[in-house]
Amino acid sequence: MILGYLLSGLVTGAIFAVMGSGLTLSYAATGVFNFAHGAVGFLAALVFYQLNLAAGLPAWLAGLLAAGVFAPALGYLLHLAMFRGLARAGETAQIVGTIGLTIALPALGLFVVDLLGLPSADGTTLPRGLGPHPALGFEVLGARLDTDQLITFCFSAVAALGLWAFMRHTPYGLRMRASVDRRRLATLRGIDVDATSALAWMLGSGLAGLAGVLAVPMLGLDATAYTVLLFASATAAVFGRLRSIPWTFAAGLALGVVQNLVAGYTDFLQEITGLRTAVPVILLFAGLVLLNRSRERVAGSAAEDAPPPDHLAGVPLWRRRLPWVAGLVALLGFTFAGSEYYVGLAAQGLVLALIFCSFVVVTGIGGMVNLAQAAFASMAALTCGWAFSAGWPLFAAIVVGVLAASAVGLLVALPALRLGGRVLTLATLALALLADQVLFQVDAFSNGTIGWALPALGFGFADTSDPRVRVVLLLTLIGLVGLLVRNLERSASGRAILAVRSAPAAATTSGLSGPRAKIVLFALASAIAGLGGVLFAVSKGSITATDLPAFSGFVWLAVVVLQGVRRIGGAVLGGLVAVAVPELLATWGVSAQVGAILFGAGGMILAKHPDGVLAQLAESRHRRRQARAVAADPLGPVAATPERATAAAPSAFAVPAQPVAAAPNASVPEALFRLDGVVAGYADCTVLRGVDLDVRPGEVVALLGANGAGKSTTCAVAAGDRPVSAGRVLLDGLDVTAWPAHRRARAGVLLAPEGRGVFPGLTVEENLRTWLAEPDAVYERMPQLAARRTVLAGALSGGEQQLLTLAPALARPPRVLIADEPSLGLAPMIVRQVFEVFAELRERGVALLLVEEKATEALAIADRVAFMRLGRVVWAGPRAEVDGDRLTAAYLGVT
Amino acid sequence: MLAVALLAGCAAQQKSAGGGTAGVTDTSVKVGGVLTKTSASGYSTKDAEIGAKARFERANAEGGVNGRKIEFVGAEDDGQDAAKGDAAAKKLVQKDQVFALVPVHAPNFGGAAFLEQQGVPWFGWATGPQWCGTKTGFGYSGCLAPKKGAGSQTWWGSQMADLLGGASGKTVYVQTTDSSGSKYGGTTISQSFQAAGFKLVGLNSGLPAAAPPPDWLPYVNKIMTSNGGKAPDVLVSIIAGTKFNVGLYSALKRAGYKGVLTDATSYDPAILKDPASAQALEGVVAAPMFEPFESTAPEIAAFKADVEKVSPGATLTQHMAIGYWAADIFLDMLKKTGKDLTREKFLATGNGSYTYENAGFGRVQYPKDHNEPNGCGALVRLEGGAFQVAKSMKCFDNVPLK
């Protein structure tokens, strides 16, 4: 029998394998963990069903169109509308965006089906799959299989092999892996990372679509079942470390076997409800803790997003507070004048707001994304109900409930010490599912499906059965949490947390304990969520295990982040929005699915404005003011550049315009590469203030200057890595200013960036192939690289890495090579070798722009020299004219 | 300080409304329902609205109850979400000012505590414990989740024994999913079959609750060998959702199962639309808690005529029957309360030795049925692609739940 279970498990595990492979692929290629992967599968299944049933196409054709055309097209659309922006937004925004899609996509599909009057998608039945309907059964080695299972297995195997070959043995796969490894460097090598990630999303969606179509005869058209499938597949992806597709595939097959063995041989576990169902989730948790220890960041830091600039910083305090005070007064007025029903709604919104405040603590301040908040709220409420029914006074029961939530928070925070980023997020996801499926199923704890009844909370003269009392009580509590948050941010421990979040290593060396700060935050946030959960139960009058399902925790996070997760105001607004929107939709008679679709659209907004509605309002107000200020400013064009770096501004503007008017031979027509009056910078800070520079073929121009002069920015602008706000970049007389980096690289402008320009996660050979079709020429030149061609570049020494950076240029010389600090941190012998490479390239007619802080080596090879200071080229001329005085002037600003 | 002052203010003007005549005028009684019209899984009880409307229209056509017409405001959707159900109940009571909630048919209804606290009567059906231990909730099958020691149904096992010509020497295997609700159902139904004389050879709760398993093999193997290495005579499936049953039954039939298959949810004409589902369910004995539509009872003829009037050409579903019979009991209780109508008087009638019999759903007795099921049910068999009455509605005595 066990053989039958094994075989049959392998076959059925194929569905996890396909789903998981798509998840791994899109995560590995774009860095976005797509919670909506299951929803894409569902949508493809829905399209398959409609094509087959409504359009009358044969099953194979419907399946081909759904998985092969519709799903990739959907992936591409989502890439354009959302994922492209999300890849650069912080992790919180990524998670929230894809959670929004999980809700919106199925709703959109069902809404369209409704609208067009197509056959309704009934999740309670099993539609046909690709194979014969009903499926035919047969027996192999004691395992009874059917045709649907066989088809699933065959398609999965083909998909996996094809995918593996694609990733390992095609240039597309190499480009994809290079973009994952170092996105910026990939663009500098001429890889269009945007097109690459579009391809990854199309492939990932195609796999999700394939899994969706294959799973439909087993799951039915049930969006929830697809989400459950996604979570099981996530286990497989985690065992593939979210990187390796073959491992993910194998883990998926193994998961099928494990499920069969558990179902077949563990009847002794039957007493613990949910435990056996939860096996994939338990494995997910174990896999995360054991296999996915983050290599980059420590102490659970997740959100790498820096706080947005405080656009209201210049606004007086009373003005900042005014909208909130006005809102509070209006709410209180409404509370005492409004009807009981609407006041009750407001109170419900504030209960949610209180729970949402916990996100402000854990995500807004702590930078950790917690998907288990609903579990904490539920935990506290159920504990409170249990304690109350055991005879405890209500106040004591509430305290016990809150303490229980915070104790569980503490337990979760412990693995967070080892995990970082998304791994922590997934761990909280596993925890949320585990709580739902196992802990809350324990009858003694949750009192079965009936739950616990709780009385109103009395204060002697009033009790919480009156919604007005609830509003006032909740406002008070939210106010207290607000004070707590403010103190946290200003206290020593708050600063410690911020320090740990932005620079863990620096914080550690400063003696700050990141883990302790994180644990405190996590426990505190859990306590706040717990308090909210208890009040939820008290105002409802009862609590059951299903009142606050795990999935609502995901939705909550999305609602808060959409408003702004860094401030209590966002939480309050989120709570009120969460009750107001469904009410409004119901009043206007709009389908609930429209609400879900709007919610998903929120995720798209988030892709553009990752800091939420509140921050966006402040920013647009700031921009309006600025625009008005500019209009009023007589200096006009000068002020039109964004805010200047204040310290440097006065002296820079004291210099007359065009101080060097380019050195005598700068106007020589044969200049191959030319910067013409380039102004550029970062956000509100202008770094380059009109840079003029040109490089001719077969010439080395050394760009020298002190730290902070703008040399690296010049390189970035030259390569197209930073946008230009004024001026032009010319290549061979052609204006390439608007060209993105990868296009310039393809046209022959190669930047070897500061630090090492290698892909550490690719082998030496693969690194070379990102620029060369055939790397043999390099190996002949550099035997030390030939010997290590299968070694990962990250494992090479610093010198070897620098050689690897420049080697492709030797084999296939670019027209322009820009080298940013090529000798930084290298042994003198390697430096010599590097400069030999430059000399050789000059011989072969390459235009070289060499940027160095240390002048000696660069001067030795340079034909011409340009000095930069405060964002301008202050002197440019032949090497021969450079003497000690000029150097001193350039570096020290002495004239 | 401010908070305390405000709280005091609240206390001063608390409890102004709360009279029991909300939604009642001399000529009308306003009612509305809560249903799971939409849900993530696709499960929908929306047809109960048609059923209730059909019954109310008949009552109104007959001149209303005690001179009052029924003003049915329709049903809210709870999306199978307890919190939404709670909000929907609050909306109906506080905003729409209904007298009672009819029909309430949502498996995860979350408004029970609020309705009980407000003393608002509600009528409908669900297997969950929301209907139990209240004074205001009137399920037409009573409380289907009795506590230990309270009465538990025996009708399913007894009807099956009658159908099979006696239970002696026959074995039964009960399959549930891995959730506390389904496991509880497994306990009560095993007991029902044992009380009728069947021998229980297995009670398995290994099936995942959220989605069907990708592989039925381990479950089917257990069933096929449970009776001393052989298959049991009867398999009872306590699984919500046709797709689970279709998957399980197909796999069982492929493994050569020849015994009786029975469950509570397969009496659904929608199943017949799909040939594979119909084939998988062929021969299944479904156990509805109302008189089957194929019955010749005059009550069923009236039911069909009423529904046809409201929704011409509609396929009859069990949710329609549930809405219809819930409304029927409400109307009977309304009539027995008399002309002078308040919620207090209405509840006093319902909770004071109230008995109502009807061939459509058997019999209800309140307050007894607040804590135990009414003990009535029917059996239908799917034969040759059509449902046929196997056993008409009949009530059996409950036995205490172990």
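**View 1. A:Val47 and the residues around it.** Leaving aside residues up to four places away in sequence, A:Val47 touches A:Ala66 and A:Phe70. This is a predicted model, so read the close-ups with that in mind. A:Val47 sits in helix α2 of chain A, which covers residues 37–53. Buried or exposed, then, is A:Val47? It counts as buried, because it has 25 C-beta neighbours inside 10 Å and the cut-off for that label is 20 or more. Have a look at A:Ala62 too: it is 15 residues from A:Val47 in sequence, and the two C-alpha atoms are 8.0 Å apart.

**View 2. Chain A as a whole.** Stepping back for a moment, chain A has 36 helices and 14 strands. Of its 895 residues, 56% count as buried. Take the contacts in chain A with a separation of 6 or more: 78% of them are between residues 24 or more positions apart.

**View 3. Where chain A meets chain B.** Here 63 residues of chain A and 62 residues of chain B make up the contact. On the chain A side, the elements giving two or more residues are α1 (2–30), β2 (143–146), α8 (193–219), α9 (223–239), α10 (245–265), α13 (340–365) and α18 (467–490). Which of them gives the most? That's α1(A), with 6 residues. Sorted by type, the residues on this side of chain A come to 24 nonpolar, 28 polar and 11 charged.

**View 4. Helix α9(A), one of the contributors to the contact with chain B.** After α9(A) comes A:Arg241, with a positive phi near 55°.

**View 5. The β1–β2 pair of chain A.** Strand β1 (residues 137–140) and β2(A) run antiparallel and are joined by 4 bridges. One of the pairings to pick out is A:Glu139, whose bridge partner in β2(A) is A:Arg144. Along β2(A), A:Ala143 and A:Leu145 point one way, while A:Arg144 and A:Asp146 point the other way; all are buried.

**View 6. A four-stranded sheet in chain A, with a helix on it.** The order in this open sheet is β6-β5-β8-β9, with antiparallel pairing. At the edges are β6 (685–695) and β9 (734–735), each pairing on one side only. Strand β5 (residues 673–682) and β6(A) share 8 bridges and run antiparallel; in β6(A), A:Val695 is the bridge partner of A:Phe673. Helix α28 (residues 711–719) of chain A packs on the sheet, where it touches β5, β6 and β8 (726–731), and its direction makes about 65° with that of β6(A).

**View 7. The seven-stranded sheet of chain B.** Over in chain B, an open sheet runs in the order β8-β7-β9-β10-β11-β14-β15, and the pairing is mixed. The edges belong to β8 (199–207) and β15 (386–395) of chain B; each has a single partner strand, so one side of each has no neighbour in the sheet. Strand β14 (residues 376–383) of chain B runs antiparallel to β15(B), joined by 7 bridges, and B:Leu379 has B:Lys391 as its bridge partner in β15(B). Helix α6 (residues 180–195) of chain B lies across β7 (171–177), β8 and β9 (234–238), running at about 165° to β7(B).

Terms used. Residues numbered from 1 in each chain as written. Chains lettered and ligands numbered in written order. Predicted model: local features only at pLDDT ≥ 70, side-chain atom pairs only at ≥ 80, totals over all residues. Contact = placed C-beta atoms within 7 Å. Nonpolar A, V, L, I, M, F, W, Y, C, P; charged D, E, K, R; others polar. Buried ≥ 20, exposed ≤ 12 C-beta atoms within 10 Å, placed from the backbone. Pairing = 2+ DSSP bridges. Axes fitted to C-alpha atoms, helices over the stretch in contact; angles between N-to-C directions.
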